[in-house]
Every structure is written in structure tokens, then in C-alpha cells.
Amino acid sequence: MTQVNLQHIEKPKYLQIREAIRDEIEDGFYQPGSAIPSENELAERFDVTRLTVRNAVDALVAGGLLRRVQGKGVYVMNEHLGESDAVKLAGFRESVRARSAVPSVKVLSKTVRPAGEFFAHLFEIDCNADLLVIKRLNYANDAPLMIEKTYIPIPLFPQIESVDVGVFSLYEAYSMFGHPVVSAVEHLDMVRLGVRDAHLLGVSEGAPVISYECVSYDEDGKAVEYVSAFRRGDLGGYSVSH
């Protein structure tokens with residue numbers, strides 16, 4: 001990115017930088033859920049000190065347009081996140097925090113595949129439309145808790161791949177793009193794990209775990225996500241409220 005000369009002498013430089021970054025976010029240069037450049041990169045671009053950049057970024061964080069994540073960087077929010085009047089369900093991070101535990105997520109893989117007949121019917125998309133498939137290992141207090149595979153219709157979220165799902169929950173990402181999750185249909189069962197999944201969850205082969213399938217819906221009743229997961233039952237129970 002080319003260097004920017006700050007011309008308006010009467011306005012503090014940090015305000016000029018704040019407005020420049022805000023304009024680029026509003027113009028779509030930085031997508032919701034993606035990181036903006038580092039303080040060093042912005043300082044070089046605007047030919048100012050890191051402190052000046054930090055003041056500009058802090059102002060955008062305070063205004064809810066950016067989120068600062070310790071050890072990761074600064075990420076773009078948008079007007080949809082947190083503003084819907086609909087009652088939202090709790091995603092993994094929210095449910096773990098509700099039990100006074102610390103959640104974390106390791107992304108094992110991200111792939112794109114054709115929808116096929118089942119998902120085309122579920123998401124009301126073409127059979128050849130793309131799905132984003134994310135496999136994650138979810139932790140509570142650094143202990144592996146759940147292996148989760150999530151199927152997301154890219155036609156509904158064409159910019160979903162720009163979101164860092166190690167920073168934002170998928171429910172937050174759906175809200176960013178105007179589809180907050182308000183209801184879900186879940187199916188639970190008990191199964192025994194094979195050796196590979198047992199190793200990921202830190203349990204013995206054949207150990208019983210909770211098998212979890214869930215379809216999440218937005219305010220219009222449209223399916224936005226399908227999840228298939230295995231969850232340990234020895235690290236906390238499972239509750240549902242109506």
C-alpha cells in the first residue's frame with residue numbers, strides 16, 4: 001500500500017488516520033472479520049509514530065468498528081454485530097464463558113466443496129454451489145472439549161473466508177453479514193470414538209462421547225449452518241433451555 005501524506009494541518013494526525021481507516025472499512029477495502037495492518041505498517045504508511053497510530057486505532061476500537069485481540073492484532077467489526085434485536089443463541093465461545101471457563105479454538109482444516117443434494121436442499125442453493133467446511137478443535141481451559149465440523153453456504157456468505165475464525169466465533173461472523181442465528185434444531189446421541197478422533201480429544205479409543213448435530217437458522221428461518229461434532233462428556237454437561 002502506498003504512503004499517505006496527511007494534508008489537513010488543522011486536524012490532529014490521529015483523527016486523519018482514524019478517518020482514513022474508517023473510510024477504507026466502509027469502502028470494503030478491509031472486510032469484516034479480517035485484520036488491519038500492524039501499527040508498524042500503518043505508521044510507515046502514514047509517516048507518523050506508532051503512538052499516533054495507536055491513538056487512531058483506539059478511537060475506532062472505542063467506537064465499535066475494530067476489535068483488538070491480544071497477541072493477534074486488530075480486527076474489523078461491522079454494524080450488524082451486536083445490534084440485532086433478535087434473541088441470539090450462544091455459540092461455543094459464549095457457552096464456555098458462561099461456565100466461567102476460557103475458550104480457545106484450533107482450526108484443523110478449511111476446505112471448499114460442492115454442496116451436493118443434501119446441503120443444496122437444506123440451504124436452498126444449487127447442488128454445485130460451494131460450501132466452506134471448517135474443522136476445528138475447541139478447548140475449554142486448554143483442555144480439548146469438542147471436534148467440530150461446520151458446513152457454511154458460501155452463496156449466503158460470499159466473504160466468509162475473510163473472517164479469522166480463530167478470533168471470531170462463527171455466530172459473530174454470521175451476524176457481521178446480516179444473518180444472526182436465532183434458533184437451532186439439535187440432535188444428540190452417544191457414540192464411541194475411533195483412534196484418530198480419540199487422540200484429538202485426549203481420550204482412549206472407544207471412549208463414549210456425545211455426538212452432536214445442529215442446524216442453525218437466521219431471523220427469516222433460513223438455514224445458515226450445519227454442524228457435526230463429537231464432544232467429551234467428562235468436562236461438563238450439556239443443557240438446553242426453551
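Biologist: Which residues touch the most other members of the largest nonpolar core?

Modeller: In that 22-residue core, they are I152, F157, I160, F168 and Y174. A nonpolar core here is a set of buried Ala, Val, Leu, Ile, Met, Phe, Trp, Tyr and Cys residues joined through side-chain atoms within 4.5 Å. Buried means under 20% relative accessible area, exposed means over 50%, and partly exposed is in between, using a 1.4 Å probe and protein chains only.

Biologist: And which elements give two or more residues to this core?

Modeller: Those are β4 (130–140) and α6 (170–176). The largest share, five residues, comes from α6. Helices (H or I, at least four residues) and strands (E, at least two) are DSSP runs, numbered from the N terminus.

Biologist: Before I go on, what are the ground rules?

Modeller: This is a predicted model, so local features need pLDDT of at least 70 and side-chain atom pairs count only at pLDDT 80 or more, while totals for chains, interfaces and linings use all residues. Residues are numbered from 1 along each chain as its sequence is written, and side-chain values use heavy atoms, with hydrogens and water left out.

Biologist: Fine. How many helices and strands are in the chain?

Modeller: Seven helices and eight strands. Of the chain's 242 residues, 43% count as buried. Take the contacts between residues at least 6 apart in sequence: 58% of them join residues at least 24 apart.

Biologist: Now α5, which of its residues are buried?

Modeller: Helix α5 covers residues 116–123, and F119, A120, L122 and F123 are buried there. They sit on the same side of α5, because they cover an arc of only 165° around the axis. That arc is taken over the directions from the helix axis to the C-beta atoms.

Biologist: What covers them, and what is on the face turned away?

Modeller: The cover includes β3 (103–114), β4, β5 (143–153), β7 (208–217) and β8 (223–231). The face turned away from the buried side carries the exposed residues E117 and H121. Just after α5, E124 takes a positive phi of about 60°.

Biologist: New topic: where does V163 lie?

Modeller: V163 is in the loop between β5 and α6. V163 is buried, at 2% relative accessible area. Beyond four places away in sequence, V163 touches P32, G33, K110, F168, A173 and F177. V163 and A35 are 128 residues apart in sequence, yet 8.6 Å apart in space, C-alpha to C-alpha.

Biologist: How many disulfides does the structure hold?

Modeller: Zero, where a disulfide is a pair of cysteine sulfur atoms within 2.5 Å. C127 is partly exposed at 38% relative accessible area, whereas C214 is buried at 2%.

Biologist: Last one, R45: buried or exposed?

Modeller: R45 lies in helix α2 (residues 39–46) and counts as buried, at 9% relative accessibility. The R45 side chain makes a polar contact with the side chain of E24 (2.4 Å). A polar contact is a pair of N or O atoms within 3.5 Å; within protein, one must be able to donate a hydrogen and the other to accept it, and residues adjacent in sequence count only if both atoms are side-chain atoms.

Methods: Contact means heavy atoms within 4.5 Å.
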